[in-house]
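Hi,

Here is the structure I said I would pass on. Have a look first, and my notes follow below.

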Amino acid sequence: MAEIYTSLISSQGGHAAAGKLLGVGRCPHCSVASPNLNRLWSDTFKAIGTQGWATYRCNSCNAVVCGEFIWEQGGLLKAISIWPDAKAAHEDVPQPARTFLQQAFETLHAPDAAAVMAGSAVDAMLKHHGYTEGSLYKRIDQALEDNLLTKGMADWAHEVRLGSNRPRHADADKPHVSSDEAKQSVEFAEALGNFLFVLTAKIDRGIAAAKAAEA
Ligand SMILES: [Zn+2]
């Protein structure tokens, strides 16, 4: 985690987290860059080395970020953890799908862009599994036929495909994707990546570790 911090201000009976939370690259809710995060509430910190909690609200999306902090030398409160944490595409997802997925996370504040990136991530994941021929429509159906995808996953993949086509082709009736639609598309791309790559890699590592333990 990058360094996330705030300073201390005097408050009744000790010190409290200051008004702004600094060092957060993107709001974990709306993904706006350098979010303006304003304090809602803070624990009282009594001495250097003590830990406590504080909450901050994003000025762009109104959502709340919660952090656990430690009082360090020099009057700084350093974040130990932030919830929710900024989203990162899992390293077990192969390229270029991982970069498309990461860009989908980082463009959630621009739903059309996020929906297109989610579609590209799904497309790249299927290509990695050897589905390279024809339209994405056909490749999703082929992956269903081959049992790589379940029926529910294929239906959802088609939704993501349709959502990414609308802004891409400047659809005459409905060119834009809503924020909720984009979120669902990105969620599916992430879930598909977990299913196709992250879980498989975890299982492979587990089997290898079990074999090594036996030997
Ligand atoms: Zn936000």
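A quick definition to start: a residue counts as buried if 20 or more other C-beta atoms, placed from the backbone, lie within 10 Å of its own, as exposed if 12 or fewer do, and as partly exposed in between. Of the 215 residues in this protein, 34% come out as buried.

Keep in mind that this is a predicted model, where local features need pLDDT of at least 70, side-chain atom pairs count only at pLDDT 80 or more, and totals for chains, interfaces and linings use all residues. Residues are numbered from 1 along each chain as its sequence is written.

On to the fold. The protein has 7 strands and 5 helices, meaning DSSP runs numbered from the N terminus (E, at least two residues, for strands; H or I, at least four, for helices). Along the sequence the order is β-β-β-β-β-β-β-α-α-α-α-α. The radius of gyration is 22 Å, well over the 17 Å that the globule rule gives for 215 residues, so the protein is more spread out than a compact globule. (That radius is taken over C-alpha atoms, and the rule is 2.2 Å times the number of residues to the power 0.38.) The C-alpha atoms fill a box of roughly 65 × 60 × 25 Å along the principal axes.

Then the domains, whose bounds come from an automatic or database domain assignment: domain 1 covers 5-83 and domain 2 covers 97-214. Their C-alpha centres lie 34 Å apart. Where they touch, domain 1 gives 4 residues and domain 2 gives 5, with contact meaning C-beta atoms, placed from the backbone, within 7 Å.

Cheers

Note on methods
Contact = placed C-beta atoms within 7 Å.
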